[in-house]
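Student: I would like a close look at a single part of this structure. Please keep to strand pairing and the contacts around it.

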Amino acid sequence: MSSRERDEAFMQLALDEARKGSPSPNPHVGAVVVEPGDDGGTVVGRGFHPRAGLAHAEVGALREAGDRARGATLYVTLEPCNHHGRTPPCTDAILAAGIARVVVGMRDPNPRITGGGNARLRAAGIEVEEDVSGEACTRLLAAWTKHVHDGVPYVRLKLAASLDGRIAAAPHPSRPDAPKGVSRWITGPEARRRVHRVRAAVDAVAVGIGTALADDPDLGPRDAPRVEARDLPTRIVFDAKLRLPLGSRLVQSTAVAPVWVVTADDADATAEAALVAAGVTVLRVPRTSHEEGGRLSLAAALERLGALGIVDLLVEGGAHLGGALVAEDRVDELLWFAAPLMLGAGGAPSLMGPSPITPEDAPRFSIDLVERVGEDVLLTLRRRRA
């Protein structure tokens with residue numbers, strides 16, 4: 001095994017550590033301390049950032065390593081911090097521990113900070129190797145990086161569609177009494193469990209009011225618990241006219257996890273007061289126009305959510321909200337579950353946003369991963385930007 005391959009193998013262990021914890025709005029960071037040896041080295045310390053305000057990954061790994069950190073190599077997914085925040089600089093701990101070499105996955109993307117931690121370590125005589133497994137580290141921190149640069153959440157849009165691109169069945173002419181727009185369940189149980197795992201990993205889960213009224217979801221993760229109940233994702237409904245029922249599962253569960261409603265700045269004050277009294281947080285944003293029925297400004301809504309600390313946002317529906325986000329080029333990642341069934345003409349299409357004038361005008365995505373999830377196929381796509 002080459003030295004580069006060995007570095008990448010140990011960085012993978014640091015990445016495994018980084019996926020633990022609930023540090024948002026801080027980044028997921030992992031670290032391992034490796035004691036040198038003839039066999040390529042021995043891991044003597046592991047650490048991750050469990051929560052904002054607690055010790056960073058490097059400090060946790062160094063504490064576990066103890067005296068064995070002296071002369072060892074530290075692998076860390078993100079450049080060590082060199083500034084005082086809620087905790088002291090990690091560079092101080094690295095220097096005090098006597099680390100001889102630091103291998104970094106990616107530089108800190110904050111333009112006011114990038115390179116500062118690495119520079120201080122080099123100035124102190126420590127060997128620093130950068131960009132080891134950099135692509136994997138960058139992917140892990142994509143949401144946090146966007147929030148640092150733009151102040152808005154990283155938007156993941158989840159869609160479950162049939163092979164013919166439908167997200168719900170059509171009303172049947174021979175069954176006028178049958179429910180309309182039924183979408184449960186297009187995908188299988190394995191796909192639904194995967195969605196709950198994604199919910200557990202993000203800061204917030206959002207739907208449009210159409211989905212909230214049709215499905216009465218609670219939007220909480222099941223079978224994928226967080227470290228503590230207080231880390232459950234915030235549930236968000238985009239509801240321009242404040243139609244969310246007080247008896248809905250969301251409103252009735254505000255004591256379990258926060259529920260926010262994003263509404264128009266001209267929404268009914270009485271309806272707002274009733275929701276607030278039930279424990280809901282109401283966020284008012286402008287409409288795209290002053291005309292009756294003008295859509296909520298997604299730009300203003302995302303800026304508001306970002307300012308409130310939402311770094312990673314999963315949007316699960318409905319078609320109008322998802323279509324508007326795609327049309328306005330605000331989707332960073334698309335989670336497309338393709339189910340092996342056909343719903344036929346008249347079913348609800350996967351997206352209902354404004355159509356581009358030509359294919360060249362359409363937002364384009366790059367396929368990042370294709371995997372089978374039970375009987376369904378999950379395509380993970382990332383927005384292709386210049």
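Student: In strand 16, which residue is the bridge partner of L335?

Tutor: The bridge partner of L335 is T380 in strand 16. This is a predicted model, in which local features need pLDDT of at least 70 and side-chain atom pairs count only at pLDDT 80 or more, while totals for chains, interfaces and linings use all residues. Residues are numbered from 1 along each chain as its sequence is written, and side-chain values use heavy atoms, with hydrogens and water left out.

Strands here are DSSP runs of E with at least two residues, and helices are runs of H or I with at least four, both numbered from the N terminus. Two strands pair if DSSP finds at least two bridges between them. Strand 16 (residues 376-383) pairs with strand 13 (residues 333-339) in the antiparallel sense over six bridges. Strand 16 also pairs with strand 15 (residues 365-373), again antiparallel, over eight bridges. There, V370 stands opposite L379 of strand 16. The hairpin of strand 15 and strand 16 has two residues between the strands, and G374 takes a positive phi near 65 degrees in this hairpin.

R383 forms a salt bridge (a side-chain nitrogen of Lys or Arg within 4 Å of a carboxyl oxygen of Asp or Glu) with D329, the closest N and O atoms being 2.4 Å apart. The pair links distant parts of the chain, 54 residues apart: R383 lies in strand 16, and D329 in the loop between helix 11 (319-327) and strand 13. R383 is buried at 18% relative accessibility, whereas D329 is partly exposed at 31%; buried means under 20% relative accessible area, exposed over 50%, and partly exposed in between, with a 1.4 Å probe and protein chains only.
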